[in-house]
Amino acid sequence: MSFQESSSLNKDHFIEKNGMCYAGVHLIIDLWEAVHLDNLEIIKNALHECVAACAATLLDLHLHRFEPSGGISGIAVLAESHMSIHSWPEKKYAAIDLFMCGNSQPFLSLPILKRIFQPKYILLNEQIRGILND
């Protein structure tokens, strides 16, 4: 392993921006009046597309369908943290949790989620996680 590869593996992925140093950005996204919330393949493809658009590294993806509602829960484990979804198709609601550190761009997932799930309403909360006080 080269020195460059070794130092990239040891990088802590903390972000330095606007005079702050922090672990990452955590988006809490509620989709209301959404579609495709019981379609395992569409949700799987949506998570893959979001991970790629955000410039994140997918390590593992696991999805589970609940019966009889058809709701789906899943998580994409990322080198930069995670993205999860919990859907309630009978309520046309999905809760999405997206935490990313390093150079990834979590906000780039929003247009993809809007296009695929076509929600009438989105509630978005942003948290800055792991702020270091110097």
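Strands here are DSSP runs of E of at least two residues, numbered from the N terminus. The model is a predicted one.

**Stop one: serine 81.** Select serine 81, which is placed in strand S6. Its phi is near 135 degrees, a positive value in a residue that is not glycine. Is serine 81 buried or partly exposed? Serine 81 counts as partly exposed because its relative accessibility is 21%, and buried means under 20%.

**Stop two: the nonpolar core.** The largest nonpolar core has 30 residues, and Met83 and Phe117 touch the most other members. Each of the elements S3, H2, S5, S6, S7 and H3 supplies at least two residues of this core. Now select methionine 83 and show what surrounds this residue. Move on to glutamine 118, in the loop between H3 and S8. Its phi is near 45 degrees, again positive in a residue other than glycine. Glutamine 118 counts as partly exposed because its relative accessibility is 48%.

**Stop four: the cis peptide bond.** Select glutamate 67 and proline 68, which are joined by a cis peptide bond with omega at about 10 degrees. Proline 68 is in the loop between strand S4 (58-65) and S5.

**Stop five: alanine 23.** Go to alanine 23, in the loop between S2 and S3. Is alanine 23 buried or exposed? Alanine 23 counts as buried because its relative accessibility is 17%. Apart from neighbours within four places in sequence, its contacts include His13, Phe14, Ile15, Phe99 and Arg129. For a distance check, pick the C-alpha atoms of alanine 23 and histidine 82: they are separated by 13 Å, and the two residues are 59 residues apart along the chain.

**Last stop: the largest pocket.** Select Ile15, Lys17, Tyr22, Val25 and Glu126, which lie nearest the centre of the largest pocket among its 15 lining residues. Strand S1 (15-17), strand S2 (20-22) and strand S8 (121-129) each give two or more residues to this lining. The space in the pocket is about 250 Å³. Which kinds of residue make up the lining? Eight are nonpolar, five are polar and two are charged.

Note on methods: Residues numbered from 1 in each chain as written. Predicted model: local features only at pLDDT ≥ 70, side-chain atom pairs only at ≥ 80, totals over all residues. Heavy atoms only, no water. 1 Å grid on protein atoms, 1.4 Å probe; cavity = no way out; pocket = protein on both sides within 12 Å on 5 of 7 lines; lining within 4 Å. Points joined across faces, edges and corners; volume = space filled by probe spheres on them. Helix = DSSP H or I, 4+ residues; strand = E, 2+ residues; numbered from the N terminus. Nonpolar A, V, L, I, M, F, W, Y, C, P; charged D, E, K, R; others polar. Core = buried A, V, L, I, M, F, W, Y, C linked by side-chain atoms within 4.5 Å. Buried < 20%, exposed > 50% of the residue type's maximum accessible area, 1.4 Å probe, protein only. Contact = heavy atoms within 4.5 Å.
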